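Please read these points with the model open beside you. They follow the ligand site and then the sheet.

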Amino acid sequence: MSAKIISVANMKGGVGKTTLSVAVSQSLASGAGARKAAKVLVVDLDAQANASFWLAGQAALTEQIDQGKAIDAFLEDTIVFGKAPSMQDIIRPAKALSDHLFLAPSSPNLRLVERELIVFLSRRHRNLMEVERVVSDLLDQQLATLRKSYDVIIFDTAPGISALTEAALRLSDLVIVPTVPDYVSNLGLLSFCRSVAWSSNDIPNATKRLPWVAANKVKKTKHHQLMLEQMRAEAGAEFNMLKTEIPSSPTIDQIASDLDMDGKLAFDAAGAEVFAALATELVELAARPAPQVESAA
Ligand SMILES: Nc1ncnc2c1ncn2[C@@H]1O[C@H](COP(=O)(O)OP(=O)(O)O)[C@@H](O)[C@H]1O
Ligand SMILES: [Mg+2]
């Protein structure tokens with residue numbers, strides 16, 4: 001096994017990063033459509049911990065956080081206290097959704113820990129770039145082991161700027177940017193997509209690595225349809241567009257808003273179908289060989 005790494009990211013909140021991460025993971029892990037069930041790990045890098053609440057349920061997540069088995073404690077133990085824990089130790093099954101689905105949970109404390117890491121490392125004369133490098137090297141090292149145990153690893157990232165998001169973007173085979181096709185949501189989209197292309201440990205190849213925009217909460221309104229048309233016309237230069245569009249749906253909203261479902265995920269048939277289509281599209285893209293760089297000679 002060598003897992004494909006997919007990050008779901010956008011500096012804007014509320015665009016569906018967590019909804020897509022969880023729904024696609026569940027679809028992949030349950031083998032929806034004609035696919036074989038994949039073994040999937042969701043890594044929650046958002047201090048809001050929505051994906052963790054969703055996949056573990058509130059009681060189990062609270063217990064796990066109290067035991068220091070979330071990503072914040074893992075980072076602090078490794079970077080600040082110099083211990084050598086393994087991310088494997090914080091991973092838990094998300095069995096209620098699928099036997100093949102696993103979670104490395106986050107905790108609200110992650111925000112404090114991220115700050116602490118920056119202060120800790122800058123006191124040791126590391127600048128922000130180096131902080132990102134420390135976090136990215138650590139994740140990379142953990143992924144070397146985790147890749148062998150999963151088919152797909154999905155990072156659900158935080159809105160805004162975070163060293164962890166940056167690290168996840170660098171290490172991903174595929175970056176998915178959910179967005180709502182309206183004027184306000186699209187304001188920062190292009191600059192975010194540019195920043196993704198350059199978030200790479202492989203700078204010469206960076207511009208080849210375009211993020212894939214996923215249109216979410218799509219309505220049949222003229223405004224949404226025009227915006228989508230324009231985005232599809234612009235695709236190919238600084239971002240690509242996924243074929244699958246996720247409609248604005250009250251069932252999706254209801255399920256994704258009720259984060260203490262203890263693992264229940266009951267989209268209606270239309271919702272399940274659209275996330276299965278999205279999952280298939282992502283698997284196909286992730287399987288494509290990395291783009292070749294033209295030699296300078
Ligand atoms: N396709 C959709 N249709 C309707 N509501 C949606 C859809 N996707 C997400 N939502 C709702 O939008 C809100 C934000 O979604 P979320 O996945 O938490 O975004 P993010 O992780 O980007 O902050 C949630 O309340 C969720 O229920
Ligand atoms: Mg989220």
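1. A polar contact is a pair of N or O atoms within 3.5 Å; within protein, one must be able to donate a hydrogen and the other to accept it, and residues adjacent in sequence count only if both atoms are side-chain atoms. A polar side-chain atom of Thr19 comes to 2.6 Å from an oxygen atom of ligand 1. For Thr18, a backbone N or O atom is 2.9 Å from a ligand oxygen atom. Ser249 has a polar backbone atom 2.9 Å from a nitrogen atom of ligand 1.

2. The model is predicted: local features need pLDDT of at least 70, side-chain atom pairs need 80 or more, and totals for chains, interfaces and linings use all residues. Residues are numbered from 1 along each chain as written, chains are lettered from A and ligands numbered from 1 in written order, and side-chain values use heavy atoms, without hydrogens or water.

3. How many residues surround ligand 1? There are 17, and the closest are Gly14, Lys17, Thr19, Lys217 and Asp253. Here, a residue counts if one of its heavy atoms lies within 4 Å. The shell holds 5 nonpolar, 9 polar and 3 charged residues. Nonpolar means Ala, Val, Leu, Ile, Met, Phe, Trp, Tyr, Cys and Pro; charged means Asp, Glu, Lys and Arg; the others, Gly among them, are polar.

4. α11 gives the largest share of this shell, 4 residues. Helices are DSSP runs (H or I, at least four residues), and strands are E runs of at least two, numbered from the N terminus.

5. Now the sheet. Its 8 strands run β3-β4-β2-β5-β1-β6-β7-β8, open and with mixed pairing. Strands pair if DSSP finds at least two bridges between them. β3 and β8 stand at the edges with a single partner strand each, so one side of each lacks a neighbour in the sheet. β2 and β5 run parallel, joined by 5 bridges.
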